[in-house]
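How do helices pass one another in a protein, and where is empty space left between the atoms? Please look through the structure with these two topics in mind before reading on.

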Amino acid sequence: MLDPRLWQAREWVTALTLAAFGLAPVFTELASQPFILDLIARLMILAIAAVSLNLILGHGGMISFGHAAYIGIGAYAVGIPAYYEITNGFLQIAIAIGASAVFAFFTGLISLRTKGVYFIMITMAFAQMVYFAFISIEEYGGDDGLVIETRSEFGGLFDIEDTTTFYYFTWVSLVAALYLVRRIMRSRFGMVIEGAKGNERRMQSIGFDTYKYRLTCYVIAGMICGYAGALLGNFTSFFSPEMMDWTHSGELLFMVVLGGAGSLFGPVLGTAAFVLLEEFLSGITIYWQAIFGVLLILVVLFAPGGIDGFLGRLGRKR
Amino acid sequence: MTAAFLQISNLYKSFGGVAATDHVDLEVLEHEVHAVIGPNGAGKTTLISQLAGELEPDDGQVAFLGRDITRLPPHARAQLGLARSFQITSLMLDMTVRDNVALAIQAHDGHSFRFWRDARRDTALTDRAMQALARVGLEGRADTIAQQMSHGEHRQLEIALALATDPKLLLLDEPMAGMGSEEAARMVEILRDLKGSKTMLLIEHDMDAVFALADRITVLVYGKVIATGKPDEIRADESVRRAYLGDEAG
């Protein structure tokens with residue numbers, strides 16, 4: 001895997017994409033286009049969320065339609081302390097991850113008792129509850145959203161008020177999230193998750209309490225997404241509960257499926273395709289979402305496995 | 001006299017008023033191969049599903065090693081040493097043959113809340129997986145994705161999965177189902193090798209296999225036990241002949 005001589009299309013795309021993201025500040029500064037840097041930073045944050053969704057959806061077969069809730073929880077974990085002038089980034093991130101874990105644990109406890117379409121509906125319902133809860137809390141802006149005046153502070157270690165520093169902070173976070181998911185999926189725990197996706201009944205009959213393992217996986221995914229939410233809160237300096245609406249959960253699903261559910265890097269490619277197409281198409285027509293719809297249909301019909309699946313087939317042909 | 005290994009008492013299960021398991025009493029002794037035979041619809045798979053914990057009985061009791069397991073979920077029974085194979089092949093089809101078996105070993109090697117080390121480089125799992133595959137003659141297929149194997153190989157992998165958990169009792173639901181005669185003969189060989197060291201409850205349609213393997217046979221008709229005994233006694237039993245065996249035993 002780490003030996004470039006064995007790389008095929010898939011590995012090259014992964015390495016080159018991450019390298020391009022990493023080197024982007026150098027080039028955009030030359031071209032004096034901070035706008036592009038912002039676009040990629042947002043893309044990378046959403047990619048972390050998509051990678052976390054893929055952990056339960058692609059690897060675990062749990063189709064959650066409420067993943068945007070964790071983005072909201074993470075963002076408010078930055079915004080609400082900042083509102084009380086608590087700007088310690090370590091604390092904020094700890095709250096973001098901790099609160100996401102608690103929310104994932106209790107909703108997972110109930111949701112994971114259900115299967116298929118019921119699971120989809122119940123995860124969506126829980127996320128909508130968070131959405132409406134934040135809309136109703138006037139103190140934190142209600143449906144107008146919350147302005148986050150100060151970004152997280154990391155005690156002088158580094159300063160993410162600086163655009164480039166924030167950008168690299170995000171880049172490192174994305175690489176770390178990918179590495180974490182890769183390690184998890186190859187571990188004993190990951191094998192159980194993969195097995196339970198393939199055949200839960202059989203996994204139980206050989207002695208696994210699949211429910212416990214799935215719940216743990218569900219919590220881990222929530223924690224990673226909560227972290228992404230904390231980044232997004234810092235990035236936008238403004239957070240509206242609208243970002244937790246089920247349509248945004250749907251967008252995350254779209255990114256994962258477009259990129260390739262169940263592959264490590266697919267969600268990053270899916271997010272990149274989504275964000276860049278959105279940027280490009282919305283400049284051309286206000287009906288850009290219709291084009292997305294057609295695109296998703298084409299991917300599902302003709303490119304099962306999404307972009308990553310397509311790259312995998314390219315690799316085999318060589 | 002060996003104590004009962006698995007004790008089924010007065011087990012009852014009905015579906016919409018039709019009794020699929022009708023007050024069944026059955027005893028499996030340690031190290032014996034106990035076959036359950038009966039015509040289609042006799043409730044054999046329903047019985048095994050209740051023993052494995054997938055179906056909850058309406059009444060009665062299942063005791064394993066002297067412990068009441070009637071209400072235990074499947075994974076807890078598996079942890080006690082009860083393993084089943086499925087009549088309709090049930091595998092992790094997207095995974096390799098080795099990964100399938102390694103998972104079964106992992107299930108009985110402490111908990112699997114281990115998040116960091118690469119499980120496929122864990123020789124504690126892979127070595128034992130290869131041994132388990134060798135026992136059913138699949139060691140050459142370790143890297144094959146399970147989906148791509150033949151039906152007969154799937155049946156062998158079914159047994160390998162059950163064996164890899166190192167069970168005290170094997171519940172085998174028609175291991176020869178859908179096999180050609182050559183494959184079936186091979187399966188009989190595999191099971192014969194296990195005879196004596198493993199206790200087995202075997203459900204099977206293939207009468208040659210049953211009479212070749214079983215120490216005792218229970219005959220189930222419409223959910224009821226009509227006879228239990230040694231193969232010769234069952235062959236000679238008039239009611240069994242009438243209800244089931246017919247000309248096959250003749």
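## The model

The structure shown here is a predicted model, and the descriptions that follow should be read with that in mind.

## Helices H3 and H4 of chain A

In chain A, helix H3, which covers residues 68-83, packs against helix H4, which covers residues 89-111, at an angle of about 140°, and their axes are 8 Å apart. Angles over 145 degrees would count as roughly antiparallel, so H3(A) and H4(A) are described as oblique to each other. The crossing in which H3(A) passes H4(A) is right-handed.

On the side of H3(A), the residues that meet H4(A) are A:Ala69, A:Tyr70, A:Ile73, A:Gly74, A:Ala77, A:Val78, A:Pro81 and A:Ala82. Their partners in H4(A) are A:Gln92, A:Ile95, A:Ala96, A:Ala99, A:Ser100, A:Phe103, A:Ala104 and A:Thr107. Sorted by class, this contact of H3(A) with H4(A) contains 12 nonpolar and four polar residues, but no charged residues.

## Helices H7 and H9 of chain A

A second pair in chain A is formed by helix H7 (residues 188-198) and H9(A), whose axes come within 10 Å and cross at roughly 110°. Because of this angle, H7(A) is roughly perpendicular to H9(A). H7(A) passes H9(A) in a left-handed crossing.

From H7(A), the contact draws on A:Phe189, A:Val192, A:Ile193, A:Ala196 and A:Lys197, while H9(A) contributes A:Thr210, A:Tyr213, A:Arg214, A:Thr216, A:Cys217 and A:Ile220. The residues of this contact of H7(A) with H9(A) comprise seven nonpolar, two polar and two charged.

Rolling a probe the size of a water molecule over the atoms shows where empty space is left. When the whole structure is searched, two cavities of 30 Å³ or more are found. The largest cavity has a volume of about 60 Å³, and its lining is made up of A:Ser205 together with B:Ala52, B:Glu54, B:Pro74, B:Arg77, B:Ala78, B:Leu82, B:Ala83, B:Arg84 and B:Leu171. In chain B, helix H2 (74-80) and strand S6 (82-85) each supply at least two residues of this lining. By class, the lining of the largest cavity has six nonpolar, one polar and three charged residues.

The second largest cavity, with a volume of about 40 Å³, is lined by residues of chain A, among them A:Ala69, A:Tyr70, A:Phe103 and A:Thr107, and these four also take part in the contact between H3(A) and H4(A). Others that line this cavity include A:Ser64, A:Gly66, A:Thr123, A:Phe126, A:Ala127 and A:Tyr218. H3, H4 and H5 of chain A each supply at least two residues, and H5(A) gives the most, with three residues. The lining of the second largest cavity has six nonpolar and four polar residues, and no charged residues.

## The second largest pocket

About 390 Å³ of space lies in the second largest pocket. It is lined by 19 residues, and those closest to its centre are A:Leu112, A:Thr114, A:Lys115, A:Glu200 and A:Arg214. A:Arg214 is also one of the residues through which H9(A) makes its contact with H7(A).

Helix H5 (116-136), helix H8 (200-205) and helix H9 (210-236) of chain A are the elements that give two or more residues to the lining of this pocket. By class, the lining of the second largest pocket has seven nonpolar, six polar and six charged residues.

Definitions and conventions
Residues numbered from 1 in each chain as written. Chains lettered and ligands numbered in written order. Predicted model: local features only at pLDDT ≥ 70, side-chain atom pairs only at ≥ 80, totals over all residues. Heavy atoms only, no water. Axes fitted to C-alpha atoms, helices over the stretch in contact; angles between N-to-C directions. Parallel < 35°, antiparallel > 145°, perpendicular 65-115°, else oblique. Left-handed = near helix turned anticlockwise from the far one by under 90°. Contact = heavy atoms within 4.5 Å. Nonpolar A, V, L, I, M, F, W, Y, C, P; charged D, E, K, R; others polar. 1 Å grid on protein atoms, 1.4 Å probe; cavity = no way out; pocket = protein on both sides within 12 Å on 5 of 7 lines; lining within 4 Å. Points joined across faces, edges and corners; volume = space filled by probe spheres on them.
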